[in-house]
Amino acid sequence: MDDTTCTVCQQPLWDSELGHQACGACTRKLDRLLQDLAGPRGLYAQLATVLRPGTVGDTARVSGSRTAPLPIRLEPLSLASRGGVVTVLQTWLVDFHEQLGWQHPRWEGGLQGQLDQAVSRLRILLPWAAENHEAFRELFTEVRDAVGACKAQVSGEPPARRVTVVCVLCDATMRITLDTPGRRCQCGTQYGWAELRQLPLANQAAA
């Protein structure tokens with residue numbers, strides 16, 4: 001790893017951050033994403049309000065269908081159930097505890113309570129993770145994607161459109177969205193937010 005750049009946005013680290021996995025800006029952004037999920041008015045809690053077909057996030061076309069719609073929408077249900085958002089956060093918290101040599105965390109209450117517990121603990125440990133955890137970029141990506149998936153179900157807005165861009169040095173392709181903060185190509189070339197958006201699209205490069 002280049003210990004002078006943030007693994008998330010690929011921007012140079014401040015002198016006080018050298019050797020860290022992530023810069024302060026990306027750490028704070030991840031903290032805000034975690035906050036968006038938690039609490040009685042958070043995105044996770046709002047999933048329960050869009051489980052019924054015909055609610056805000058339901059964009060399925062049922063006109064002309066010969067079969068009755070399901071009594072519950074599967075997309076928000078999969079995010080809200082065990083194995084969804086809660087499990088993603090708990091898996092990362094278990095990983096944190098293992099790396100620190102701590103006992104595994106214990107979960108209490110229902111899924112909403114467990115999510116709130118995981119979010120609270122992850123936020124406390126974010127400064128440590130930003131400095132030491134080699135998979136911080138993967139953590140950032142998974143939490144960002146979870147937040148985006150929840151927002152899409154709650155608001156009905158489609159997820160960010162993905163495009164394929166081409167590395168100017170090795171011609172390898174990378175899939176990005178407008179939210180992608182930075183990306184390291186397989187050849188090792190690092191691209192920040194602005195540089196990624198200046199790369200040619202794959203179909204244009206092949207033309």
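Predicted model: local features only at pLDDT ≥ 70, side-chain atom pairs only at ≥ 80, totals over all residues.

Student: Is Leu33 buried or exposed?

Tutor: Leu33 is buried, because its relative accessible area is 11%, under the 20% cut-off.

Student: What does Leu33 touch, leaving out residues up to four places away in sequence?

Tutor: Val143, Arg144 and Val147. The C-alpha atoms of Leu33 and Val143 are 7.0 Å apart, though 110 residues separate the two along the chain.

Student: New topic. Where is Glu17?

Tutor: Glu17 sits in the segment before helix H1, which covers 24-37.

Student: And which side chain of opposite charge is nearest to Glu17?

Tutor: Arg28, at 6.1 Å. Glu17 is buried but has no salt bridge.

Student: What polar atom lies 2.9 Å from the side chain of Glu17, then?

Tutor: The backbone nitrogen of Gly24 lies 2.9 Å from a polar atom of that side chain. Beyond four places in sequence, Glu17 is in contact with Cys23 and Gly24.

Student: On to H4. What should its length be?

Tutor: Helix H4 runs over residues 85-100, so at 1.5 Å a residue its 16 residues should span 22 Å. The end C-alpha atoms are 23 Å apart, which agrees.

Student: Which residues of H4 are buried?

Tutor: Val85, Val86, Leu89, Gln90, Trp92, Leu93, Val94, Phe96 and His97. Their cover includes H1, H2, H3, H5 and H6.

Student: What follows H4?

Tutor: Gly101, with a positive phi near 75°.

Conventions. Residues numbered from 1 in each chain as written. Heavy atoms only, no water. Helix = DSSP H or I, 4+ residues; strand = E, 2+ residues; numbered from the N terminus. Buried < 20%, exposed > 50% of the residue type's maximum accessible area, 1.4 Å probe, protein only. Lys, Arg positive; Asp, Glu negative; His and termini not counted. Salt bridge = Lys/Arg side-chain N within 4 Å of Asp/Glu carboxyl O. Polar contact = N/O pair within 3.5 Å; in protein donor to acceptor, adjacent residues only side chain to side chain. Contact = heavy atoms within 4.5 Å. Expected span 1.5 Å × (residues − 1).
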